[in-house]
Amino acid sequence: MTTPLTLADVRPGCRVRITRVEEHPSTGRLLAMGLRPGQIVTLVRRTAFGASFYIHAEFQQFGIRRDEAEALWVEYMD
Amino acid sequence: MGGVHGLKGRIALIGNPNSGKSSLFNHLTGLRQKTGNFPGVTVERRSGALRLPDGQHLQVVDFPGTYSLYPTSLDERVVFDVLSNPRGADYPDLVIYVADALRLDQHLLLLSQIRDLGIPVILALNLIDAAASSGVRYDARSLATRLGVPTIEVNGRTGEGTGLLLQQVEQLYNGVWTEQPQGAPFMMSPEVQDLIRDIRAELHWVTRDFQALIVAHHLEELTYLQPDEVERLRTIQQRHPFRSLTVQVEEIMQRFRHIDQIVREVRIPETGDRNALTSRVDRIFTHVVWGPIIFVVFLLFIFQAVFSWSTLPMEWIERIFSELGGGIKYALGEGWLSSLLADGVLAGLGGVLVFIPQIVLLFFLIALLEESGYMARAVYLFDRLMRKVGLNGRSIVALVSGTACAIPAVMSTRTITNQKERLITILVTPFISCSARLPVYALLVGLMVPAGKVMGLVSYQAMTFMGLYILGAGAAMAGAWVFNRMLKTAEPGYLLMELPDYQVPHWRNVVFTVWSKVASFVREAGKIIIMISIVLWFLASYSLPGRMTQATETARAEATANGLDEADTEALIAAYRIENSYAGMLGKGLEPVIRPLGFDWKIGIALVTSFAAREVFVGTMATIYSIGSVDDETSIRQKMGAELNPATGQKRYNLPVALSLLLFYVFAMQCMSTIAVVKKETGGWKWPLIQLAVMTGLAYVVSLIAYQGLTAMGY
């Protein structure tokens with residue numbers, strides 16, 4: 001196992017798999033929008049100072065804030 | 001309607017955001033639609049009539065896009081409140097559930113929850129061809145069987161499939177559908193089951209376990225429960241410890257496992273290349289540097305368009321109304337009735353309609369940005385910056401639109417789903433210098449600032465203009481910061497949003513958006529604006545008995561004594577009449593209050609009348625200084641510039657007075673239309689009145705400091 005990391009720690013351009021969704025005010029919304037364990041996501045780019053993240057997950061793109069990205073625990077794909 | 005087995009003839013259109021729901025709504029109802037608010041909240045409620053093949057008319061309500069029955073915004077809360085309360089007035093007989101075929105798994109979550117509430121539901125599987133071109137296809141028939149829900153393929157853009165959908169609605173409405181879903185989407189743990197059993201024993205109207213579960217999750221927020229019911233339910237919950245978030249997450253995960261399995265089964269495997277346009281465009285449009293630059297370019301374009309393209313139609317409207325007014329006066333002759341109709345009612349109506357070109361243009365352009373999918377990118381880019389002062393990424397649209405006119409700008413805040421962020425945006429938008437301030441700025445800057453240029457490049461006057469705009473924008477940001485500290489909210493803020501694929505805007509949706517904005521502006525704000533104009537007309541045309549006649553005679557005598565021609569005599573009479581009217585009395589009554597700002601009673605009158613709209617200031621000054629032609633700005637400026645202050649023997653409009661007046665117009669809420677529209681958008685008088693008090697108070701203090709400070713410094 002690699003060191004645990006969240007989506008906020010991932011470099012732009014990397015593909016990761018969500019392993020766990022931490023409890024957060026937006027947890028329900030994250031899950032309902034399809035950002036759930038097992039989902040593979042790509043961190044496409046960030047806004048200035050890493051405030052918001054542009055991510056891609058199977059047929060759709062999302063904009064999420066840093067604290068929301070920090071609720072998504074991920075692992076690199078092989 | 002509705003005679004059939006206790007049905008109310010009510011259909012709910014529900015789906016996730018960006019599922020193509022609104023397009024389908026437009027296809028289903030055509031022009032037979034109404035826009036309003038859901039009771040008690042300012043969430044837009046669109047409803048329309050839908051005609052079944054058998055001729056029956058049903059009412060269909062387009063609900064805000066929602067991801068699940070665990071609401072995270074006021075929009076979603078509305079959907080939840082309606083669907084969870086079978087005794088409520090809006091509770092539907094039937095749900096048309098719209099799902100985007102490309103994201104079927106995600107979109108089936110809410111469907112599976114609605115299914116468990118026991119509401120009859122039809123799945124409208126949207127954007128079939130877009131999905132097919134991406135290599136995704138479904139076997140709709142087996143999907144229907146697996147879900148136990150009739151499924152119709154539709155195309156929200158072209159309207160294809162709506163005929164079949166209506167047939168299915170008719171069948172389901174008449175009770176023709178008996179299939180049950182295969183397999184339970186989720187199982188509750190034994191502890192939760194105990195809780196559910198006790199809740200169902202307590203609430204007789206709960207017929208489904210899932211309804212009971214929802215009550216358990218949202219006990220403290222369900223407004224439709226009786227206080228004693230809530231009390232007993234609390235006792236039940238104490239017996240069965242219950243961690244809402246954990247149970248929620250478990251439920252959603254189970255549902256998704258169930259859904260994933262169904263989707264895998266009904267998906268027809270095919271290979272295809274995904275539409276790569278979105279990711280190519282976004283490489284530039286959401287770029288860390290280019291993204292914001294492109295956005296600013298778009299905004300400048302919108303600002304320019306709203307500002308300049310509307311000039312001509314606005315002039316036409318003004319001319320039509322002044323011609324009409326002249327016609328009325330000619331036809332009816334002079335008298336109170338013709339004056340009321342021409343100067344009160346028609347002027348008020350014109351004052352409403354004159355904003356339509358700007359509203360149409362702004363909403364046309366904004367609808368293009370929304371429909372194409374661009375707006376979501378702007379929100380993504382500016383979320384952080386706007387959030388720092390308590391606003392939302394979308395606020396930037398309102399703030400920039402405000403440079404043209406605060407009215408459409410305030411209306412554009414409807415796209416902000418967080419109610420606190422929306423309210424703050426509404427409260428600070430009128431600080432932005434709008435186009436109606438321009439004539440006032442032009443008059444006063446010309447009076448105050450010499451014509452020279454800084455190092456021969458930029459004129460002092462232009463720099464003053466820019467300074468005034470920056471001042472307004474600064475006040476908006478500072479105001480947002482302050483309001484953000486003062487207002488409390490229960491809604492968690494979030495960004496988490498879809499960035500939908502780019503698409504060519506559909507004309508139908510654009511037209512409907514523009515139409516509904518214009519209609520609601522005319523209907524809601526129009527009433528208030530016309531009322532206030534009539535009041536202002538009355539104040540400016542009437543006075544205590546005999547006083548007006550006397551003023552007219554005095555003026556006429558003075559005109560004869562000075563040998564004035566007919567036009568000048570008329571102008572002098574008008575000046576005397578307004579001085580002696582109720583408005584004039586108000587202006588004089590105001591004098592003690594505004595004297596510390598350097599204003600006299602003449603400015604007082606103009607402050608009263610220009611409450612209708614800021615640009616009226618110039619016209620009123622023209623009347624008071626008895627200048628026949630209102631358009632003659634130079635001569636007003638000359639007269640004002642030449643006037644001496646009898647107390648000091650110096651010019652009345654010296655630097656302190658002119659600057660104080662300018663600053664007053666930068667900050668003060670001198671616009672009844674904005675007040676009307678804020679009242680409409682916030683659903684009551686509380687916020688517009690607070691806004692009026694804060695803006696006028698701030699204007700007063702700033703003007704006071706400027707005037708007293710400059711006077712003390714010897715200017």
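How many residue pairs are in polar contact between chain B and chain A? In this predicted model, the count is 15 residue pairs, with both residues at pLDDT 80 or more. Five salt bridges also cross the interface of chain B and chain A. One of the salt bridges in the model joins the side chains of Arg29(A) and Glu76(B), at 3.6 Å from N to O.

The contact draws 46 residues from chain B and 32 residues from chain A. About 3400 Å² is buried between the two chains. Carbon and sulfur atoms give 57% of that area.

Several elements of chain B build its side of the contact. Helix H3 (104-117), helix H10 (244-266), helix H11 (277-285), helix H16 (374-388) and strand S12 (497-499) each supply at least two residues to the side of chain B that touches chain A. H10(B) gives the most, with eight residues. By residue class, this side of chain B divides into 19 nonpolar, 11 polar and 16 charged residues.

Strand pairing also links the chains. Strand S5 (residues 60-65) of chain A is joined to S12(B) by three bridges. The two strands run antiparallel. Within this pairing, Gln61(A) has Leu499(B) as its bridge partner. Phe62(A) is partnered by Glu498(B).

Strand S2 (residues 15-21) of chain A pairs with strand S3 (residues 40-46) of chain A over three bridges, in the antiparallel sense. Here Arg15(A) in S2(A) has Thr42(A) in S3(A) as its bridge partner. S3(A) also pairs with strand S4 (residues 52-57) of chain A, again antiparallel, over four bridges. Arg46(A) is the bridge partner of Phe53(A) in S4(A). S3(A) and S4(A) form a hairpin, with five residues between them. In the turn, Phe49(A) has a positive phi of about 60 degrees.

Besides its bridge to Phe62(A), Glu498(B) meets Arg103(B) in a side-chain salt bridge, at 2.3 Å from N to O. This pair links distant parts of the chain, 395 residues apart. Arg103(B) lies in the loop between strand S5 (94-100) and H3 of chain B, whereas Glu498(B) lies in strand S12 of chain B. Over all chains, the count comes to 32 salt bridges.

Confidence was examined for chain B. The average pLDDT of chain B is 84. A score of at least 70 is reached by 93% of its residues. Over residues 1-5 of chain B, the pLDDT is below 50. This stretch has 13 contacts in the model beyond near neighbours in sequence.

Methods:
Residues are numbered from 1 along each chain as its sequence is written. Chains are lettered from A and ligands numbered from 1 in the order in which they are written. Side-chain values use heavy atoms; hydrogens and water are left out. Contact means heavy atoms within 4.5 Å. Buried area is the accessible area (1.4 Å probe) that two parts lose on being put together, summed over both. A salt bridge is a side-chain nitrogen of Lys or Arg within 4 Å of a carboxyl oxygen of Asp or Glu. A polar contact is a pair of N or O atoms within 3.5 Å; within protein, one must be able to donate a hydrogen and the other to accept it, and residues adjacent in sequence count only if both atoms are side-chain atoms. Ala, Val, Leu, Ile, Met, Phe, Trp, Tyr, Cys and Pro count as nonpolar, Asp, Glu, Lys and Arg as charged, and the others, Gly among them, as polar. Two strands pair if DSSP finds at least two bridges between them. pLDDT is the predictor's confidence in each residue, from 0 to 100.
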